[in-house]
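Please read it alongside the sequence and the model shown here.

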Amino acid sequence: MLLILKKYHKILILLSMLAISSLAWNDNNMVVNGDLGMDWDKNGLPDYWSINWFFAEKPNQVYMDKDEKIDGNPSLKVVVSTLDVPNNFAGRIYQDIPVESGKTYQVSVWVKAKDWQLLKGQETGGVNLSYWLQGTNKQWSSRQDLTKPLTGTFNWRELKETITIPAKTQAFRLALFAYPGTGTIWFDNVKMVEVK
Ligand SMILES: [Ca+2]
Ligand SMILES: [Ca+2]
C-alpha cells in the first residue's frame, strides 16, 4: 500500500511540474507566434502576422533572422533600402487581438535598429509600437502611438506600455510600426498580457 502511495505521489509531482512548465510556455501571452519564429507554411515569414506597406515592397526585404534574436527562435528582420515604392507612407507588421473594454493590458516588443533614418525633412517619427482599436460597430480607429518613436542605431531594447481599453471596443491591432524611413530593424518576442 505504501509503495502504491509513493508511486502516486511521484505521478502527482510529475503532473504539477508539467502544469507549471506549460504555464511558463504560455506565459498568458495573447499574441499568437509572439516570438516570430513559427513558420509552418514555410513561406519564410512568421505565421499569424500581416506585413505591409513599404516593409513588404521590393527591393525592401523582410525575413526571419536566425542569428539575431532575443529568445530561442529567429527574430524578424526588416531591411529598407528605399522609400521609392508604392505605399511608402509607413511600414507595419500587425496582428489583431480580441480585447475587453475596461481591461488593462501590457504590450511589449524587443527591438534593435541599425541606421534607422527618417525621410528628409521629417522631424518626428521612427520605429515604435502603434495600435488601432476596433469598435463593436466593426469600425477601426485611426492609428495611435503606443510608445515613443525611435531612430538611429541601438542594441536590443524592450518597448513596453500599458493600455486600458475604452468602452465599446472589441479588438486591438498591435503593430510593429515604422514611420517613413530607411535602415534595418529587428523585432522579437512580442507580448500582450492582461494586467490584473
Ligand atoms: Ca523569436
Ligand atoms: Ca509563414
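The model is a predicted one, in which local features need pLDDT of at least 70 and side-chain atom pairs count only at pLDDT 80 or more, whereas totals for chains, interfaces and linings use all residues. Residues are numbered from 1 along each chain as its sequence is written, chains are lettered from A and ligands numbered from 1 in the order in which they are written, and side-chain values use heavy atoms, with hydrogens and water left out.

**Strands and pairing**

The chain holds one helix and 10 strands, and from the N terminus on these elements run α-β-β-β-β-β-β-β-β-β-β. Five of the strands form an open sheet with antiparallel pairing, in the order β1-β4-β9-β6-β7; its edge strands, each pairing on one side only, are β1 (50-53) and β7 (144-145). Strand β5 pairs both with β8 and with β10.

| Strand | Partner strand | Bridges | Opposite residues |
|---|---|---|---|
| β4 (residues 91-98) | β9 (residues 169-178) | eight bridges | Arg92 and Phe177 |
| β5 (residues 104-118) | β8 (residues 152-164) | 10 bridges | Tyr105 and Ile163 |
| β5 (residues 104-118) | β10 (residues 181-195) | 12 bridges | Leu118 and Gly181 |

**Surface and core**

Accessible areas come from the Shrake-Rupley method with a 1.4 Å probe, and for residues only the protein chains shown count as cover. The accessible surface of the chain comes to about 11400 Å², 54% of it belonging to carbon and sulfur atoms. Residues are called buried under 20% relative accessible area, exposed over 50% and partly exposed in between (1.4 Å probe, protein chains only); of the 196 residues of the chain, 43% count as buried. Taking contact to mean heavy atoms within 4.5 Å, 75% of the contacts between residues at least 6 apart in sequence join residues at least 24 apart.

A nonpolar core is a set of buried Ala, Val, Leu, Ile, Met, Phe, Trp, Tyr and Cys residues joined through side-chain atoms within 4.5 Å. The largest such core has 40 residues, and those with the most contacts inside it are Phe55, Phe172, Leu174 and Phe187. At least two residues of this core come from each of β2 (61-65), β3 (75-80), β4, β5, β6, β8, β9 and β10, with β5 giving the most, six residues. A second, separate core of seven residues includes Ala90, Trp132, Phe177 and Tyr179. When residues up to four places away in sequence are not counted, Leu174 touches, among others, Val31, Trp49, Ile93, Val107, Leu129 and Met192.

**Buried residues**

Leu36 is found in the loop between α1 (2-26) and β1, where it is buried with a relative accessible area of 0%. Beyond four places in sequence, the residues that Leu36 touches include Trp49, Met64, Leu76 and Phe187. Leu36 and Met64 are 28 residues apart in sequence, while their C-alpha atoms are 7.8 Å apart in space.

Asn60, in the loop between β1 and β2, is buried at a relative accessible area of 5%, and its side chain reaches the backbone nitrogen of Ser81 at 2.9 Å. Gln134 lies in strand β6 (residues 127-135) and is buried, with a relative accessible area of 13%; a polar atom of the Gln134 side chain lies 3.4 Å from the backbone oxygen of Lys138.

Asn43 is partly exposed, with a relative accessible area of 46%, and Leu45 counts as partly exposed at 26% relative accessibility.

Note on methods:
Two strands pair if DSSP finds at least two bridges between them. Helices (H or I, at least four residues) and strands (E, at least two) are DSSP runs, numbered from the N terminus. A polar contact is a pair of N or O atoms within 3.5 Å; within protein, one must be able to donate a hydrogen and the other to accept it, and residues adjacent in sequence count only if both atoms are side-chain atoms.
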